Each structure stands twice: as C-alpha cells, then as structure tokens.
Amino acid sequence: MVIEIDFNSDEALYLQLRNQIVLGIATSRFREGDALPSVRQLAENIGINMHTVNKAYSVLKQEGFVKVDRRRGAVIAVDIDKIQALEEVREALQVILAKAVCKNISREEVHSLIDEIYEEYGGL
C-alpha cells in the first residue's frame with residue numbers, strides 16, 4: 001500500500017491519510033473486503049504516530065468506508081447510504097462552487113473539471 005503524506009502541509013496528518021485511502025477506494029487500488037494494514041504497521045511504514053492512524057481509521061469507519069473486524073482489523077466496506085452521500089457531496093459542492101463563482105470560473109470549466117476527475121476514477 002502506497003500512502004503519501006506531506007509533512008509540510010497545513011492539512012492534518014490523519015486527514016491526509018483518510019483522503020489517501022478514500023482516493024485509493026475511488027481508483028480501485030483498494031476494493032471492498034481488502035484489509036488495511038494494522039495501525040501499528042501503517043504508523044511504522046509512514047513514520048507517524050499510531051494515534052494518528054487510529055484517528056484516520058476511526059473517521060473512515062464513521063464515514064462508512066471501513067468496518068472493523070476482530071480478526072482482520074480495518075477492512076474496506078463502502079456502505080454509505082447513497083442519499084446521505086449525495087447530501088454530503090451537495091454540501092461540499094456548495095462551497096466549492098461559490099468559490100468558483102467568486103473567481104469567475106465558468107459552468108463549462110467546472111463541468112470539464114468534473115469530467116476530467118471522473119475519468120481518473122474509471123468514468124463511474
């Protein structure tokens with residue numbers, strides 16, 4: 001598992017880790033049922049504190065991307081309810097689109113960016 005953490009970023013390490021795993025799911029690097037490394041193992045591999053990894057795994061669990069199995073540890077389990085997921089996307093897009101409008105980014109440019117990003121994820 002290749003996780004890239006930017007130690008110079010202003011973004012919290014646990015959020016970077018969470019985002020890397022979500023991106024891995026979206027790009028099919030991680031699939032339903034795949035076990036993630038143990039907290040200790042991932043912390044050692046990346047060079048971060050175990051509590052940071054544990055916090056990222058907890059957030060992923062709360063968001064419905066992983067479940068915790070006693071024998072296998074954290075396992076990819078994308079079970080977010082679609083209606084809830086759409087509402088979360090709507091809330092995030094409202095702010096992003098407001099920023100785009102303020103910067104005079106056109107609807108066509110936004111649509112082009114969305115199409116480009118969807119292509120990266122296999123054209124879902």
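Reply: Start with exposure: buried means under 20% relative accessible area, exposed means over 50%, and partly exposed lies in between (1.4 Å probe, protein chains only). By this scale Leu93 is partly exposed, because its relative accessibility is 33%.

This is a predicted model: local features need pLDDT of at least 70 and side-chain atom pairs pLDDT 80 or more, while totals for chains, interfaces and linings use all residues. Residues are numbered from 1 along each chain as its sequence is written, and side-chain values use heavy atoms, without hydrogens or water.

The C-alpha trace spans about 50 × 35 × 25 Å along its principal axes. Of the 124 residues in the protein chain, 24% are buried.

Now the core itself. A nonpolar core is a set of buried Ala, Val, Leu, Ile, Met, Phe, Trp, Tyr and Cys residues joined through side-chain atoms within 4.5 Å. In soluble globular proteins, nonpolar side chains tend to be buried together. The largest such core here has 19 residues, and Ile3, Leu17, Ile21 and Tyr57 touch the most other members. Four elements each supply at least two of its residues: helix H1 (13-26), helix H2 (39-46), helix H3 (50-62) and strand S2 (73-76). H3 gives the largest share, with four residues.

Contact means heavy atoms within 4.5 Å. Setting aside neighbours within four places in sequence, Tyr57 is in contact with Ile21, Leu36, Pro37, Ser38, Val39, Leu42, Val66 and Ala74. One of these, Ile21, is also among the core residues that touch the most other members. Across the protein chain, among contacts with a separation of 6 or more, 50% join residues 24 or more positions apart.

Thr52 is buried, because its relative accessible area is 18%. With neighbours within four places left out, Thr52 is in contact with Leu13 and Tyr14.

Next comes the salt bridge. The term means a side-chain nitrogen of Lys or Arg within 4 Å of a carboxyl oxygen of Asp or Glu. Side chains of opposite charge can pair when their charged atoms come close. A search of the whole structure finds one salt bridge. The side chains of Arg18 and Glu63 form it, with an N to O distance of 2.8 Å. Arg18 is in helix H1 and Glu63 is in the loop between H3 and S1, so the pair links distant parts of the chain, 45 residues apart. Glu63 counts as partly exposed, because its relative accessible area is 24%.

Asp69 is in strand S1 (residues 66-69). Asp69 is partly exposed, because its relative accessibility is 26%. Asp69 and Ala35 are 34 residues apart in sequence, with 9.2 Å between their C-alpha atoms.

Leu86 and Gly47 are 39 residues apart in sequence and 35 Å apart, C-alpha to C-alpha. Leu86 is in helix H4, and Leu86 is exposed because its relative accessibility is 52%. Leu93 is also in helix H4, which covers residues 82-102.

Two loop residues complete the tour. Ser28 is in the loop between H1 and H2. Ser28 is not a glycine, yet its phi is positive, about 65°. Ser28 is partly exposed, because its relative accessible area is 35%. Asn104 is in the loop between H4 and helix H5 (107-120). The phi of Asn104 is near 60°, again a positive value in a residue other than glycine. Asn104 is exposed, because its relative accessibility is 69%.

To return to the request, Ile3, Leu17, Ile21 and Tyr57 touch the most other members of the core, and H1, H2, H3 and S2 each supply at least two of its residues.
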